[in-house]
Amino acid sequence: MKKIVLCLCLFHLLFYSKVHADIITLVADDWCPINCTPNSDSPGYMVEIANNVFEAAGHQVDYQTLSWNRALAEVASGKYVGAIAATPKELAKGIFPDEELGYYGNFFIIKKGNAWRFTSMASLQEINLAVIQGYNYGKKMSKYIANNPHKVTQMGGNDVVRRILLMMLKGRIDVYLEDRNIAFYTAKQHSILDEISVAGTEGTPIAMHIGFSPVIPQSKAYAKILSDGIVRLRKSGQLKIILDKYGVNDWK
């Protein structure tokens, strides 16, 4: 009788574990060092943080790359669980953790030798600007992008940072609006770091999160697990180890 009860208890324990061991699918466009090549040794610091936190909670992370607009739309619809490096403005009804996963800023990236410098919003009329389609660049820049389609090239798809940098080096656009860490990391990976520089910044840094789907019931629980996990990783020193791997400083 005791053996039967023990077997039943083990069965229920295994069944409970399987039911609650969720596969959490996170999506984004390739935006290294935040999120890089899936299933690689260096998938990006946010991916490594998510893997660490959710695996400790008994879940599995499935990270995939999509165009940014598609990633946002399909997380909003519930097809995927979360969007990496999203902001509340981009995923308007999303569920966001209390703890952010870094910040990004508006840096004007130029080819070395370009004399242009950002001095005011009016100075943007002097150049052809490239941005990534669907990104939140803050109130002023987003308004400028929307109101000046003839002066702004919007691009999407995979490997978009490298593609825009190469366009700029070939003279097809003048300036690329991108976070410094992202632009410089990608340029270094493709041996073009010595060919680019920064021509100014605009606005204040914008907080990034993993934004969870508003239509998936577990999203609030996932957001709390992630917030608590980030605090734990910071206290243990594991967060620094992950960030050091990608040359990123802790934002707190």
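Predicted model: local features only at pLDDT ≥ 70, side-chain atom pairs only at ≥ 80, totals over all residues.
Is D29 buried or exposed? D29 has a relative accessible area of 3%, and the cut-off for buried is under 20%, so we call D29 buried.

What does D29 touch, once we leave aside neighbours within four places in sequence? The contacts of D29 are N35, L66, S67, W68, I132, Y135, G157 and V160. There's also R70: that residue is 41 residues away from D29 in sequence, with the two C-alphas 9.1 Å apart in space.

Right, on to α2 itself. Two packed helices are described by the angle between their axes and the distance between the axes. Here, the axes of α2, residues 45-56, and α8, residues 238-245, come within 9 Å and cross at roughly 150 degrees. That angle is why we describe α2 as roughly antiparallel to α8. The crossing of α2 past α8 is right-handed. On the α2 side, the contact uses Y45, E48, I49 and N52, and α8 brings Q238, L239, I242, L243 and K245. Sort the residues of that contact by type and you get five nonpolar, two polar and two charged.

Now have a look at Y45. Again skipping neighbours within four places in sequence, Y45 contacts P33, I34, L101, G102, M208, I242, L243, Y246, V248 and W251. Y45 and I49 also turn up in the largest nonpolar core, which has 84 residues. Which residues there touch the most other members? They're W31, Y45, I49, I84, F108, L129 and Y176. As a general point, nonpolar side chains tend to be buried together in soluble globular proteins.

Methods: Residues numbered from 1 in each chain as written. Heavy atoms only, no water. Axes fitted to C-alpha atoms, helices over the stretch in contact; angles between N-to-C directions. Helix = DSSP H or I, 4+ residues; strand = E, 2+ residues; numbered from the N terminus. Parallel < 35°, antiparallel > 145°, perpendicular 65-115°, else oblique. Left-handed = near helix turned anticlockwise from the far one by under 90°. Contact = heavy atoms within 4.5 Å. Nonpolar A, V, L, I, M, F, W, Y, C, P; charged D, E, K, R; others polar. Core = buried A, V, L, I, M, F, W, Y, C linked by side-chain atoms within 4.5 Å. Buried < 20%, exposed > 50% of the residue type's maximum accessible area, 1.4 Å probe, protein only.
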